[in-house]
Amino acid sequence: MTETTKTPVPDAVPTPTPALRGLIPLPTAAARALLLAGGIATAASAFLAWTWTAEFPGDLTYYGYPGGLQWLTFTAGVLTALFALASYGVRGLGWLLPARNNAPLALTALGGFTVTWFTVIAISANLGGVVNLEPGGWIAAIASLLPVLGAFALPQERTGTDGTKEAIKAYIAKPDHIPAAQAIAPWIQRAIITVVTIIGLGVFTYGIDTEYGELFIGYLFVVTFAMWAVHTAGLMDRFSALVAANRSFTLAMGFAAAIAFPFTQTDDHYANIGVNILIFGTVALGLNIVVGLAGLLDLGYVAFLGVGAYTAALVSGSEFSTISGVHLPFWASALAGAAASLVFGVLIGAPTLRLRGDYLAIVTLGFGEIFRIAVNNMDGDSGPDVTNGPNGIANIPDLNFLGFNFGQAHDIGGFTLGRFANYYLLMVLIMAIVVLVYTRAADSRIGRSWIAIREDETAATAMGINGFRVKLIAFALGASLAGLAGTVSAHVTYSVVPTPYQFAGSTPPNSAFLLAAVVLGGMGTVAGPLLGAALLYLLPEKLVFLQEKSLLAFGIALILLMRFRPEGIIANRRRQLEFHETGQLDVPKQTTLTDEPAVTKAGA
């Protein structure tokens, strides 16, 4: 018999990629044309009258000028058209699609469709039927549907997989594997960061300035789909590379934007929203040390905010203070509030931090309730006369720091800053201090010990880390930051009462609110808790119907986030790798004994 000679098969034979098809059977050229035309038509429809009466908020009765929700439809239409032009390869717009996929086109189209149809349905529901729609409303509804049909007729790759991530990496990397951020001139990098900061400030200011619930809901639709599209396009990866190369400048621009916010406001009420967001964001950042870095579940953290607030109220010179004749300057009362919270953190943590997991959570929950009940009973009847019981400490005077009265309006450069704007700027300064403390602590030896304890306390202890001491430091530092924010909170609200300092309630602050802010925003990050606090404070503030159902809304949001993005909105790199399998991110699969990453088609 003749032995058959076999042809050796190469180790890696290129497998032909099957042609991807869209959900709607339509030629690709026609789909792109429909997407571009639909985006332009959607933006143009905002210049038509959508209803005949001005009873619907925003007055959508004008021709030639958008109003209210029409501005959001116009914005979504322009974004859709820009991404469509980028997909055609128009010169100067290629940077919009570094991932070279069609997902951003579908997302921006869905954003325009959602906000437009929400407006049309809201007009019909509020005014009593579709008969209240003008022809412009029907044109807008049809026009916003066209780009959706075009987008879903295009082949949709699965974003977040190896192919997409490798395409992004191949596009933004030079042949010598130096990130694209290093190939751009430094002044251009900083100019880009400055422009993005200005846009972010404008978007945030618009969200706070929304005057009615329908406009805020439409704002959420557009911002959510736009940010999702930017992420899937790969622009977030590029901007992250710029931020990594210019961390100090980015941080400075962030604080510059925060300082500029009150100068964009004409109503001090919105500055009040801003100062409360900063207060709760500061407290959430302190909780992030305990939960995000050290991995300790604290369910009574709001009590430390209360300790700082009551301490500042007692030494503020209020006529209702039980410590008569004591009126410390602000810096002294701030230090007293932070020190009191630190002492309480040590006193509570010392006997309880040897517990782990659920047992520690139950003990901290008990501490939070004990604090609220204790200050409620210190009225001179049920206990010692310290806090005036349920009545609390009222008439807390405004701060007067270095001759600057925070309770009076001041004219600066032609801008009038009201009372809440003054406190907002003070909180920006305190926030800068807290961020500095947080980042320095997280990057220090003790910060690495916190992370080791969070990952595996047994292994960390075996490696020589004193787990109890490390956890106690985290507990005390987080408590002191919350107490510092509480000292400002007491002066902003004029009074301190026991009611808000509970585990859960319909209005912030409460421990559930703070914990949700940390988890939603992203544990272990600086911007995550701030973003989470802003979202969770703005939603009940702008959507009145959510105020009594805030816990239900927070629970639903947490469930959805744990399912689709367990690392939070702003992900910590380490946690992102923990929650996703290898290959779902830009983590190359290891296929050799030497742990060298496999060569992919995009990187070849």
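How many of the 604 residues of the protein chain count as buried? The share is 46%, where buried means under 20% relative accessible area, exposed means over 50%, and partly exposed covers what lies in between (1.4 Å probe, protein chains only). The model is a predicted one, so local features need a pLDDT of at least 70 and side-chain atom pairs count only at pLDDT 80 or more, while totals for chains, interfaces and linings use all residues. Residues are numbered from 1 along each chain as its sequence is written, and side-chain values use heavy atoms, with hydrogens and water left out.

The protein chain holds 21 helices and four strands; helices (H or I, at least four residues) and strands (E, at least two) are DSSP runs, numbered from the N terminus. Its accessible surface comes to about 29300 Å², and 66% of that belongs to carbon and sulfur atoms. Those areas come from the Shrake-Rupley method with a 1.4 Å probe, and for residues only the protein chains shown count as cover. Now for who touches whom: a contact means heavy atoms within 4.5 Å. Among the contacts with a separation of 6 or more, 75% are between residues 24 or more positions apart.

Next come the helix pairs. Two packed helices are described by the angle between their axes and the distance between the axes. The axes here are lines fitted to C-alpha atoms, for helices over the stretch in contact, and angles run from 0 to 180 degrees between N-to-C directions. Helix α6 (residues 186-209) and helix α8 (residues 235-245) have axes that come within 10 Å and cross at roughly 115 degrees. On the α6 side, Gln189, Ile192, Ile193 and Val196 do the touching, and they meet Phe239, Leu242 and Ala245 of α8. Sorted by class, this contact has six nonpolar residues, one polar and no charged. For that sorting, Ala, Val, Leu, Ile, Met, Phe, Trp, Tyr, Cys and Pro count as nonpolar, Asp, Glu, Lys and Arg as charged, and the others, Gly among them, as polar.

A second pair is helix α7 (residues 213-233) with helix α19 (residues 527-542), packed at an angle of about 145 degrees with axes 10 Å apart. Gly213, Phe216 and Leu220 of α7 make this contact with Leu538, Leu539 and Lys542 of α19. The tally for α7 with α19 is four nonpolar, one polar and one charged.

What about the inside? In soluble globular proteins, nonpolar side chains tend to be buried together. A nonpolar core is taken as a set of buried Ala, Val, Leu, Ile, Met, Phe, Trp, Tyr and Cys residues joined through side-chain atoms within 4.5 Å. The largest such core has 117 residues, and Tyr423, Leu426, Ile430, Trp450, Val488, Val496 and Tyr501 have the most contacts inside it. Helix α10 (residues 268-293) supplies the largest share of this core, 15 residues. Leu426 is in contact with Phe330, Leu399, Phe406 and Val488, leaving aside its neighbours within four places in sequence. There is also a second, separate core of 19 residues, including Phe83, Leu96, Leu105 and Leu235.

Setting aside neighbours within four places in sequence, His491 contacts Ser316, Ile396, Pro397, Asp398, Leu399, Arg419 and Tyr423. On that basis, Lys471 contacts Leu296, Leu353, Leu355, Ile453 and Glu457.

Glu369, in helix α13 (residues 357-377), has a relative accessible area of 24%. Beyond neighbours within four places in sequence, Glu369 is in contact with Gln502 and Phe503. Glu369 and Ala303 are 66 residues apart in sequence, with 8.2 Å between their C-alpha atoms. Phe415, in strand β4 (residues 415-417), is partly exposed at 42% relative accessibility. Not counting residues up to four places away in sequence, Phe415 touches Phe263 and His410. Its C-alpha atom is separated by 9.2 Å from that of Pro262, 153 residues apart along the chain.

Arg100 is not a glycine, yet it has a positive phi of about 55 degrees; Arg100 is found in the loop between α2 (69-87) and α3 (103-127). Asn388, not a glycine either, has a positive phi of about 65 degrees. Asn388 sits in the loop between α13 and β1 (400-401), and it is buried, with a relative accessible area of 18%.
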